[in-house]
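Subject: Structure handover

Hello,

Here is the structure for you to look through. My notes on what was found follow below it.

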Amino acid sequence: MNSRPDLGELRQQWHRQHAAPLDVGALHSQVQAESRAQSRALLITVLLTAAVLCVVFARALLLRTPTAWFGALWTLLFAAVVWPVSLWLARGTRRPRDESTTAHIEVSIRRCRAALIMAPVGIVLYLAGLTSTLLMRQRLFGGEWSELLFSTPMIITGWIGVPLYAGGLLWYARRQRQRLKVLETLQRQLGEG
């Protein structure tokens with residue numbers, strides 16, 4: 001003769017009453033805008049990679065030194081590592097599988113999760129590129145480590161670039177983590193409804 005309602009039922013009623021109404025049109029528009037931005041970013045990245053490789057190999061052709069060729073091949077090798085990693089992490093994030101609200105939420109969730117993985121991977125790749133460049137320069141040109149570590153390029157790309165890049169990626173990951181929580185809650189609510 002317990003007349004108290006079930007706690008789980010009360011929680012579900014409270015969630016239904018306090019859930020913000022889903023604006024399906026806004027969700028679809030946001031996912032489409034993100035898809036267009038992702039396509040533009042991919043195109044820009046491909047063009048920049050091609051331009052950098054062209055410049056590096058043109059320089060190697062002009063200088064015709066082992067150092068220039070080594071730098072060109074190293075740049076090509078680094079691009080050959082970064083591109084597959086990036087494409088693998090971005091798989092399934094290009095567009096929703098269909099026009100349903102569920103598919104739009106799923107692709108948004110995949111994008112958030114990919115961003116959360118890409119942030120630390122991006123930092124590691126940046127540090128690996130910077131470290132390998134330093135090691136290569138020291139090995140090819142010799143010189144003191146203090147001279148290399150406090151050169152203008154190292155100050156810009158290392159001492160200033162690393163904290164800015166890492167901070168930006170970590171800030172972006174935090175925003176995506178918050179967005180992921182909202183999307184997962186929305187996905188659960190749609191699953192219950």
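A charge sits over a ring if NZ of Lys or CZ of Arg is within 6 Å of the ring centre and within 35 degrees of the ring normal. By that test, the charged end of Arg91 sits over the ring of Trp88, 4.2 Å from its centre.

Some ground rules before the rest. This is a predicted model, so local features need pLDDT of at least 70 and side-chain atom pairs count only at pLDDT 80 or more, while totals for chains, interfaces and linings use all residues. Residues are numbered from 1 along each chain as its sequence is written, and side-chain values use heavy atoms, with hydrogens and water left out.

**Overall fold**

The chain has six helices and zero strands. Helices (H or I, at least four residues) and strands (E, at least two) are DSSP runs, numbered from the N terminus. Along the sequence the pattern reads α-α-α-α-α-α.

The chain has 193 residues, and 24% of them are buried. Buried means under 20% relative accessible area, exposed means over 50%, and partly exposed lies in between (1.4 Å probe, protein chains only). The accessible surface comes to about 13,500 Å², and carbon and sulfur atoms account for 66% of it. Those areas come from the Shrake-Rupley method with a 1.4 Å probe; for residues, only the protein chains shown count as cover.

Now contacts, meaning heavy atoms within 4.5 Å. Take those between residues at least 6 apart in sequence: 68% of them join residues at least 24 apart.

**Helix H3**

H3 covers residues 66-89, which is 24 residues. The expected span of a helix is 1.5 Å times one less than its number of residues.

Which residues of H3 are buried? They are Ala68, Gly71, Ala72, Ala79 and Leu89. The buried residues of H3 pack against helix H2 (24-63) and helix H4 (101-141). An α-helix has 3.6 residues a turn, so residues three or four places apart point the same way.

**Salt bridges**

How many salt bridges does a search of the whole structure find? It finds five. The test is a side-chain nitrogen of Lys or Arg within 4 Å of a carboxyl oxygen of Asp or Glu.

- Arg179 pairs with Glu34, with the closest N and O atoms 2.8 Å apart. Arg179 lies in helix H6 (residues 152-192) and Glu34 in helix H2, so the pair ties together parts that are 145 residues apart in sequence. Glu34 is partly exposed, because its relative accessibility is 22%.
- Arg113 pairs with Glu184, with the closest N and O atoms 2.7 Å apart. Arg113 is in helix H4 and Glu184 in helix H6, so this bridge ties together parts that are 71 residues apart in sequence. Arg113 is partly exposed at 43% relative accessibility. Glu184 is partly exposed too, at 23%.
- Arg97 pairs with Glu106 at 2.9 Å, N to O. Arg97 counts as exposed, because its relative accessibility is 54%.

There is also a network: salt bridges link Glu34, Arg111 and Arg179.

**Aromatic pairs**

The structure holds three aromatic pairs. Rings of Phe, Tyr and Trp (its six-membered ring) pair if their centres lie within 6.5 Å; planes under 30 degrees apart count as stacked, over 60 as edge-to-face and the rest as tilted.

The ring centres are 6.2 Å apart and the planes are at 65 degrees, so the pair is edge-to-face. Phe57 lies in helix H2 and Trp69 in helix H3, so the pair ties together parts that are 12 residues apart in sequence. Phe57 is partly exposed at 24% relative accessibility. Trp69 is partly exposed at 32%.

Another is Tyr126 with Tyr165. Their ring centres are 4.8 Å apart and their planes are at 25 degrees, so this pair is stacked. The pair links distant parts of the chain: Tyr126 is in helix H4 and Tyr165 in helix H6, 39 residues apart. Tyr126 is partly exposed, with a relative accessible area of 25%. Tyr165 is partly exposed at 35%.

**His28**

His28 is found in helix H2. Is His28 buried or exposed? His28 is buried, because its relative accessible area is 13%. Leaving aside neighbours within four places in sequence, His28 is in contact with Glu99, Ser100, Thr101 and His104.

Best wishes
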